[in-house]
Amino acid sequence: MTAEYKVNGAVAVITLNNPPVNGLGHATRSAIVEGMKKALGDSAVRAVVITGAGKAFSGGADIKEFNTPKAMQEPTLHTVINVVENSDKPVIAAIHSVCMGGGLELALGCNYRVAQKGAQIALPEVKLGILPGAGGTQRLPRVVGLEFGLNMIVSGTPVPAEKLAKTALFNEVVEGDVLEAALALAAKVADVRPLPRVRDIKIDYPNYEAFLQFSRNTVKAMAGPFPAPLKCVDAVGAAVTMKFDDGIKYERELFVELVQTTESKALRHAFFGERAASKVPDVPEDTPLRAIKSAAVIGAGTMGGGIAMNFANAGIPVKILEMKQEALDKGLATIRKNYENTLKKGKLTQEKFDQRVGLITGTLSYEDIGQADIVVEAVFEDMGVKEQVFKKLDEVMKQGAILASNTSTLDVNKIASFTKRPQDVIGLHFFSPANVMKLLEIVRGEKTGKDVLATSLALAKKIKKTGVVSGVCDGFIGNRMIEQYSRQAGFLLEEGALPEQVDKAIEKFGFAMGPFRMGDLAGNDIGWYIRKRRYVEKPEVTYSKTADLLCEMGRFGQKTSAGWYDYKPGDRKPYPSQVVNDMIIKHSADLGIERRKISDEEIVQRLVFALVNEGAYILEEGIAQRASDIDMVYLTGYGFPLFRGGPMFYADTVGLQNVVMTMEKFARGRHGEAWKPAPLLARLAAEGKSFN
Ligand code: 3H9
């Protein structure tokens, strides 16, 4: 039963029991209405308490039901709340832990609310691209005020119950057992009439028009491509400008409109994608974890320093190993400076600053790191260097320590073979800047132990990263796909586009940064170095030599104040470069290519569908476990626009048949061989199916 009914003296207690978070799916909604009917029909019952079992009062509507017939099936959440609000016996919500979305809307339909201190209260719908659709926009401002209510609804940020203790949202906020407190209140109010209802409260805000206009302007500037935040303002506005029932109707219309938008579907896809990524079918959830109480990082460069900061931020002491004192001092000084900047911006307290800086120490000796529970190697990307490091780690590290490599492309199985304990070896691929970027690619070697994988996934959570598991292949999920994207970017230059056009087109699509601006930021010499190795190994793969020519000109990017673009000293703004554009045009002529005008649409399709096709190979080969894992890699590590849900989700929204048709068109052009659809993509398209 998804909600239990019990009578406790003269009080009926309805306990939501739909783990994990008492989502208000159809079965739970029906059970609440059943419970209410029983309570109203029982003359011995004088009041009703609604509470939640387990770790939540309620996390809200069941998001999985959205866009399915069940979402609309009676009793809808509106009906449930109407039954509660129209009850002629007082209904009291007893709230603990989590009270969000539809859960809070249900509580707002009750006559009284008692909360436990620490309970997280929120209307987080906006984060899913929708708005509270069961009265939240109309009722919350009536109890916490127009401004505070609007802020909660537009931001979706949880507020601890005690911060709302003085508002009309809660009759009581208690330290102890909330059910007991609710039962005591029920006894007190059982005969009080008329029953207080939130809908009857009038919002008193004389200057509401100016406030709403100000809110619209502010929210518009912050909402980006998402329609929901502005609609939240409109709906909250209705709480002051319309009669209650009209406001509810208006809110409903906006909700129905938003729930169908691609932006909302993309956000919900990312919500579930993030949670799915932490699950590995053959690694049970109860796999015993290894304790990670201390860490070591090899290499005090930008990457090593960033990785070390992650551990320190999570309260884990970390030792950084370097070969030379000078490099170590430089690395430690950079870390300190990073923290100082955060301190200066007021984003870190002095106490936290001291604590974090204090957790990071340096050493020049391998012997000093031997007792660490995990070591992450972040040395030069070369198999010979990795071999030396892992052989040494095998000698010095205690038994049971996790030996991780931050390699971005190299074979983790081979790295593991340098040790006598391949079960302890795993890839932990951080993205630069490692203390900021959310993505952590967790590369599972053939022999990686299940406990090592489970511990790495748990560690990702602890250091606030999105951990995504990848199998071993050249470049893993992210870089293997980006190679195809970069190849297309190069071909576009040869065929007629210039860097600025390519960057602008893909940035307009929503990418944080186009491929050429990104190259200039990361350093074009890094790709040059990788290409030299990669294309010697795979001579059959064609690629544009434009990027090599650029590097031969010494234009490595921002660090040399010259890359695809020109840069002025102390200024990161890219200026189109005449010499580079001349070089590109000359290169086309040398190849005998007649340059043509390329549309922005073609640019976007070639870059994004190149990702999609490689993603389909990766999925079919089992390198990624599921399409949403690939999307999470791109959303959290490569600046793919969130409102488009990731490359695989985006392809689904375009329609895989359309994707394949467009690829067939490209296959007839230059380097058409790159456009052979991956078998999985071809099959799904032919069957009218999608990746997700
Ligand atoms: C809404 O209410 C609309 C109404 O206004 C109008 C309707 C008409 N539905 O995050 P966790 C699952 S919209 C379905 O790891 P935590 C989640 O997928 C809703 N499933 O735990 C995961 O499943 P699995 C507004 C849900 O303790 C498991 O629960 N509400 C829902 O770190 C554990 O999740 C929200 O937006 C749901 N609503 O955090 C709240 N919520 O085990 C969204 C969770 O299979 N939820 N699941 O991977 C959250 O923010 C967090 O999950 C919460 C718990 C804070 C509740």
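Residues are numbered from 1 along each chain as its sequence is written, and side-chain values use heavy atoms, with hydrogens and water left out. As the model is predicted, local features need pLDDT of at least 70 and side-chain atom pairs count only at pLDDT 80 or more, while totals for chains, interfaces and linings use all residues.

Let's start with the sheet. Strands of a sheet pair through backbone hydrogen bonds, either parallel or antiparallel. Here, 6 strands make an open sheet with mixed pairing, in the order β1-β2-β3-β4-β6-β9. (Strands are DSSP runs of E with at least two residues, helices are runs of H or I with at least four, and both are numbered from the N terminus; two strands pair if DSSP finds at least two bridges between them.) At the edges sit β1 (3-8) and β9, each pairing on one side only. From one strand to the next, the twist averages 20°. Strands β4 and β6 run parallel and are joined by 4 bridges; I92, for instance, has Y112 in β6 as its bridge partner.

I95 has a relative accessible area of 0%, so it counts as buried (buried means under 20%, exposed over 50% and partly exposed in between, using a 1.4 Å probe and protein chains only). What is I95 in contact with, leaving aside its neighbours within four places in sequence? The list is F57, A107, R113, V114, A115, Q116, A119, I121, F170 and V178, where contact means heavy atoms within 4.5 Å. I95 and V173 are 78 residues apart in sequence, yet their C-alpha atoms are 9.3 Å apart in space.

Now for the charged pairs. A salt bridge is a side-chain nitrogen of Lys or Arg within 4 Å of a carboxyl oxygen of Asp or Glu, and by this rule the count comes to 38. One of them joins K117 and E175, at 3.1 Å from N to O. K117 lies in the loop between β6 (112-116) and β7 (120-122), and E175 in the loop between β9 (172-174) and α7 (178-189), so this pair ties together parts that are 58 residues apart in sequence. K117 is partly exposed at 42%, whereas E175 is exposed at 62%.

Another salt bridge links R683 and E620, with 3.5 Å between the closest N and O atoms. It connects distant parts of the chain, since R683 is in helix α28 (residues 679-686) and E620 in helix α24 (residues 600-620), 63 residues apart. Both ends are partly exposed: R683 has a relative accessible area of 42% and E620 one of 34%. There is also a salt-bridge network, made up of E494, E495, R596, E602, R606 and R670.

Last come two helices. Two packed helices are described by the angle between their axes and the distance between the axes. For α13 (residues 325-344) and α14 (residues 350-359), the axes come within 10 Å and cross at roughly 170°. (Axes are lines fitted to C-alpha atoms, for helices over the stretch in contact, and angles run from 0 to 180 degrees between N-to-C directions.) The two are therefore roughly antiparallel, a label for angles over 145 degrees. On the α13 side, R336, Y339, E340 and L343 meet Q350, F353, R356 and V357 of α14.

Key:
Angles under 35 degrees count as roughly parallel, over 145 as roughly antiparallel, 65 to 115 as roughly perpendicular and the rest as oblique.
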